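Subject: Structure for your files

Hello,

Please find the structure below. My notes on it follow.

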Amino acid sequence: EKVKLTAKVVSQEALTDDICSMWIQADEIAKAAKPGQFISVYTKDKSKVLPRPISLCEVDKEQGRLRIVYRVVGAGTREFSAYQAGDDIEIMGPLGNGFPLKEKKAFLIGGGIGIPPMLELAKNLNCEKQMVLGYRDVLFLNKEFEQYGKVYVATEDGSAGTKGNVIDAIKANGLEADVIYACGPTPMLRALKAYAAENGIECWLSLEEKMACGIGACLACVCKSKDIDEHSHVHNKRICKDGPVFAAEEVEL
Ligand code: FES
């Protein structure tokens, strides 16, 4: 049910020096989209054929709109950051599997640019939620999470919340949950996988950080899984095709 189409930018704003928030009118994709899924965005530079995967931060099904919150890291995302209301934007989606929605007391954990997909998940999860958001220093989106539950912040430099990482914030606040949903840099996901195993907590990880094209074309996203086929070969997974969300025990990080 994924489609490639030319959509219209509804609005764009900068949240920090290098993080932008864009709403896109894309009725067909919005209708089908689920939390944890992403779109791939094509640049207008025809020498670059591969698109950039960007996770969905919010989906407004009534108005048929998608929100992406992304960091400007190179030429492609710099181009996207210059788009304004009314501009065309070529996108494909919705892509990926998304998060399973469990009705259990939950941690929603985001690190850096892994924070945005947690917002749509928070909106859709029907259970007690605790948001744990890890930043280097400058905060973004944290206020928007407050309508869905209690928000805990960790910063590397200690300028807000707990000094340290998301696990430091969990420990400092004495938090507990029965399921973890997380998205962020690999070291954070690796630490959460270990934390979940130690504490016997169900854990779902979005490995979207490792994707480069999002459409199965670049093979940058291959990761080792625990699946072994009948010839004793390890079955590798492509994050953009088989994920980006995996049960923590399913993947090696
Ligand atoms: Fe390019 Fe998966 S991100 S093949």
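An open sheet is formed by seven strands in the order 10-9-8-7-11-12-15, with mixed pairing. Strands here are DSSP runs of E of at least two residues, helices are runs of H or I of at least four, and both are numbered from the N terminus; two strands pair if DSSP finds at least two bridges between them. Strand 10 (162-163) and strand 15 (245-247) are at the edges with a single partner strand each, so one side of each has no neighbour in the sheet.

This is a predicted model: local features need pLDDT of at least 70 and side-chain atom pairs pLDDT 80 or more, while totals for chains, interfaces and linings use all residues. Residues are numbered from 1 along each chain as its sequence is written.

Within the sheet, strand 7 (residues 106-111) and strand 11 (residues 179-183) run parallel and are joined by five bridges. Ala-106 is opposite Val-179 in strand 11.

Helix 6 (residues 186-199) packs on the sheet and touches strands 7, 8, 11 and 12; contact requires C-beta atoms, placed from the backbone, within 7 Å. The direction of helix 6 makes about 170 degrees with that of strand 12 (axes are lines fitted to C-alpha atoms, for helices over the stretch in contact; angles run from 0 to 180 degrees between N-to-C directions). Helix 3 (residues 116-124) lies across strand 7, strand 8 (129-135), strand 11 and strand 12 (202-206), at about 160 degrees to strand 7.

Overall, the protein chain has seven helices and 15 strands. Its C-alpha trace spans about 50 × 50 × 35 Å along the principal axes.

Regards

Definitions and conventions: Contact = placed C-beta atoms within 7 Å.
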